[in-house]
Amino acid sequence: MLMVAINLRGIRFVANFNSLIVFLQILIIGIFTFLIYEKLAAGQNALGRH
Amino acid sequence: MDETQPEILLLVGGALFQSVVLSFAIVTVLASGIAAHAGVSRLMYVMGRDGVLPKRFFGHISPKGYTPSYNIWLAGVVCLSAGFLSLEFVVALISFGALTAFSFVNLSVISSYGFRDGRLKRPKDVWQFFVLPLLGFASIGALWLEVEETSLKAGISWAAVGLIYLGWLTKGFRRAAPPAARRGF
């Protein structure tokens, strides 16, 4: 029903809403990549040990 | 989401980061659903506008938001039925639909540009309008060989419903379907 409500607002709203989500996704990917790099650079392995 | 990903998220970002990303994964599914919902409602609108589907319902545009509101509601109701269907059945229908659509897109390029418009004179055009779509069709043909029996049964049943409706619409295939009829085909 949330999808219906968003779609009823019009295609421009749908496009803006999805763009926002894509932007946040990219942001999360960026943070995730940075954290992975940071931990690997600090010598952390899969078991969490340094 | 893969089972290993939550573990990695917890390891590198802690519990809060893991919760944020996992919550956002659900929002991402919502975004995907919204895009599909927008597409399918407008596809039904075009079919309604062209007279393939009943125009009064499917060709309706809301004067308030200029959206195909009836189609949006219909797609929403059909989406709710997903809760009562097995994931395997839904995936089977999607696989069949996607492969059928992609197959016919390739065949349509050959038929429309290659033969109907007669654009197979230059080598570049033969490459673009015959060889490439033929290769596309062949690669999808390879995927057809991998389709499960459930997909075939569900897809062929749904296609049969469409074929019966088309037969009724074209008075037993003696008339062209509405959009083609309007263009004089």
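This is a predicted model: local features need pLDDT of at least 70, side-chain atom pairs count only at pLDDT 80 or more; totals for chains, interfaces and linings use all residues.
**View 1. The interface between chain A and chain B.** On chain A, 25 residues are in contact with 26 residues of chain B. About 2300 Å² is buried between the two chains. Carbon and sulfur atoms give 81% of that area. Three residues, A:Met3, A:Asn7 and A:Leu8, supply 26% of the area that chain A buries against chain B. That is more than any other three residues.

**View 2. Polar groups across the interface of chain A and chain B.** Three residue pairs are in polar contact here, both residues of each pair at pLDDT 80 or more. Salt bridges across this interface number zero.

**View 3. The side of chain A that touches chain B.** Two elements give two or more residues to this side: helix H1 (2-8) and H2 of chain A. H2(A) provides the largest share, 13 residues. By class, this side of chain A has 17 nonpolar, seven polar and one charged residues.

**View 4. The largest nonpolar core, built from both chains.** Ten residues make up this core. Chain A contributes A:Ile21, A:Ile28, A:Phe32 and A:Leu35. Chain B contributes B:Leu9, B:Val12, B:Phe17, B:Val21, B:Phe24 and B:Ala31. Helix H2 (11-41) of chain A and helix H1 (4-49) of chain B each supply at least two of the core residues. The largest share, six residues, comes from H1(B). In soluble globular proteins, nonpolar side chains tend to be buried together.

**View 5. A:Phe32 and its contacts on chain B.** Which residues does A:Phe32 touch, leaving aside its neighbours within four places in sequence? They are B:Ile8, B:Leu9, B:Val12 and B:Phe17.

**View 6. B:Arg174 in a loop of chain B.** The loop runs between helix H6 (149-169) and helix H7 (178-183) of chain B. Is B:Arg174 buried or exposed? B:Arg174 counts as exposed because its relative accessible area is 73%, and exposed means over 50%. The side chain of B:Arg174 reaches the backbone oxygen of B:Lys171 at 2.9 Å. B:Val29 is 145 residues from B:Arg174 along the chain, and the C-alpha atoms of the two are separated by 44 Å.

Notes. Residues are numbered from 1 along each chain as its sequence is written. Chains are lettered from A and ligands numbered from 1 in the order in which they are written. Side-chain values use heavy atoms; hydrogens and water are left out. A nonpolar core is a set of buried Ala, Val, Leu, Ile, Met, Phe, Trp, Tyr and Cys residues joined through side-chain atoms within 4.5 Å. Buried means under 20% relative accessible area, exposed over 50%, partly exposed in between (1.4 Å probe, protein chains only). Helices (H or I, at least four residues) and strands (E, at least two) are DSSP runs, numbered from the N terminus. Contact means heavy atoms within 4.5 Å. A polar contact is a pair of N or O atoms within 3.5 Å; within protein, one must be able to donate a hydrogen and the other to accept it, and residues adjacent in sequence count only if both atoms are side-chain atoms. Buried area is the accessible area (1.4 Å probe) that two parts lose on being put together, summed over both. A salt bridge is a side-chain nitrogen of Lys or Arg within 4 Å of a carboxyl oxygen of Asp or Glu. Ala, Val, Leu, Ile, Met, Phe, Trp, Tyr, Cys and Pro count as nonpolar, Asp, Glu, Lys and Arg as charged, and the others, Gly among them, as polar.
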